[in-house]
Amino acid sequence: MKYNRCGKSGLLLPQIALGLWHNFGSVDNFENAESIAKTAFDKGITHFDLANNYGPIPGSAESNFGKILKNNFQGNLRDEIVITTKAGYTMWDGPYGDWGSRKYLLSSLDQSLKRMSLEYVDIFYSHRPDPETPMEETMMALDYAVRSGKALYAGISNYNAEQTKEATEILKRLGTPCLIHQVKYSMFVRQPEAGLLDVLEEKGVGCIAFSPLAQGLLTDKYLKGIPQNSRASNPNGHLKTNEVSEERIHKISQLNAIAQQRNQSLAQMALSWLLKDNRITSVLIGASSVGQLNNNIDSLKNLDFSKEELIAIEKVLE
């Protein structure tokens with residue numbers, strides 16, 4: 001595992017990090033989740049990413065991760081891992097359980113720490129910008145989280161280029177620089193290339209990509225349509241059936257052929273494709289099994305692309 005410097009900070013993050021968005025909730029098999037987390041750490045993944053509402057039920061991923069920490073990461077092992085959480089999406093009913101107010105962010109952080117039995121998280125994120133709350137208020141909450149010792153660093157997620165520029169400038173004035181931006185980025189989601197990555201580079205902010213496999217589309221799972229027990233077949237899932245169109249399946253098939261020529265799975269090539277850009281600090285993967293985790297980690301064996309391969313990929317993605 002290689003560790004990249006996060007922006008212009010002193011923090012190094014593994015090229016691949018483990019996200020607990022799926023497969024760590026109260027509806028999932030705890031022993032499987034624990035095995036995934038332990039194997040990830042053994043393979044050099046030191047970064048575990050959560051949010052207050054991860055589950056289902058909301059909060060249960062943090063509660064389960066707290067149990068995993070207690071069972072496997074006692075003592076100084078806490079100092080060998082980076083744990084992150086976020087607040088910004090709906091967590092509880094009523095006017096104070098959503099968006100970006102100081103009240104919501106800081107009360108949510110306290111709840112997250114309690115669920116995980118932690119004194120602090122390494123990074124606390126504003127999960128999304130709030131159009132109704134002044135940016136200064138949201139950033140001041142992040143600044144306070146760091147100054148209070150409940151977080152070591154501040155981060156933002158799902159902010160566009162202009163919002164990111166404003167947020168980073170406010171945090172710099174407050175004396176708590178923005179460490180990292182967590183952004184949705186993959187071969188199928190290219191919006192960060194339209195200015196956001198340039199802003200992050202200019203401001204010295206790290207970038208970690210979530211949904212790098214486009215909710216499983218950038219794997220061999222959908223080459224023949226929508227299989228049973230897939231995210232697209234789940235009516236409660238985040239991947240909708242209309243996203244698995246014939247045109248999209250054709251693109252997936254073409255990309256899969258390029259990956260095979262590189263002796264990679266499509267998922268491995270999709271992760272390598274992101275990591276080829278030195279502005280990307282890390283990619284966040286989810287895993288439903290130890291085998292899937294190991295397959296994704298193997299993407300690190302081939303991060304180099306020829307000019308011809310990149311041209312062929314872009315032709316497919318046009």
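**Close-up views of a predicted model**

View 1. Tyr 3 has a relative accessibility of 34% and so counts as partly exposed. The structure shown is a predicted model. Tyr 3 lies in strand β1, which covers residues 3–5. Together with Met 1 and Leu 12, Tyr 3 makes up a nonpolar patch on the surface, and the accessible area of the three is about 250 Å².

**View 2. Cys 6 and Cys 178, two cysteines without a disulfide.** The structure holds 0 disulfides. Cys 6 takes part in none, and the nearest cysteine sulfur to its own, that of Cys 178, is 8.8 Å away. Seen from Cys 178, the closest cysteine sulfur is that of Cys 6, and at 8.8 Å the two are too far apart for a bond. For a disulfide, the cut-off is a pair of cysteine sulfur atoms within 2.5 Å. Cys 6 counts as buried because its relative accessibility is 0%. Cys 178 is also buried, with a relative accessible area of 8%.

**View 3. Cis peptide bonds at Pro 56.** Pro 56 sits in the loop between β4 (47–49) and α2 (60–72). The peptide bond from Gly 55 to Pro 56 is cis, with omega near -15°. The bond that joins Pro 56 and Ile 57 is cis too, and its omega is about -5°. Ile 57 is likewise found in the loop between β4 and α2.

**View 4. Positive phi at Trp 99.** Trp 99 is not a glycine, yet its phi is positive, at about 70°. The residue is placed in the loop between β5 (82–87) and α3 (102–116). With a relative accessible area of 32%, Trp 99 is partly exposed.

**View 5. Positive phi at Gln 215.** Gln 215, a residue other than glycine, has a positive phi near 60°. Its place is in the loop between β9 (206–210) and α7. Gln 215 is buried, since its relative accessible area is 9%, and the cut-off for buried is under 20%.

**View 6. Surroundings of Gln 264.** Gln 264 is located in the loop between α7 (246–261) and α8 (266–275). A relative accessible area of 7% makes Gln 264 buried. Apart from neighbours within four places in sequence, the residues in contact with Gln 264 are Ala 259, Met 269, Ser 272, Ser 299 and Asn 302. With Asn 302, the side chain of Gln 264 reaches the backbone oxygen at 3.1 Å. Tyr 153 is 111 residues from Gln 264 in sequence, and the C-alpha to C-alpha separation of the pair is 35 Å.

Key:
Residues numbered from 1 in each chain as written. Predicted model: local features only at pLDDT ≥ 70, side-chain atom pairs only at ≥ 80, totals over all residues. Heavy atoms only, no water. Patch = residues over 30% accessible without salt bridge, like charges linked within 9 Å, V, L, I, M, F, W, Y side chains within 5 Å. Areas by Shrake-Rupley, 256 points an atom, 1.4 Å probe, with all protein chains shown as cover. Salt bridge = Lys/Arg side-chain N within 4 Å of Asp/Glu carboxyl O. Helix = DSSP H or I, 4+ residues; strand = E, 2+ residues; numbered from the N terminus. Buried < 20%, exposed > 50% of the residue type's maximum accessible area, 1.4 Å probe, protein only. Contact = heavy atoms within 4.5 Å. Polar contact = N/O pair within 3.5 Å; in protein donor to acceptor, adjacent residues only side chain to side chain.
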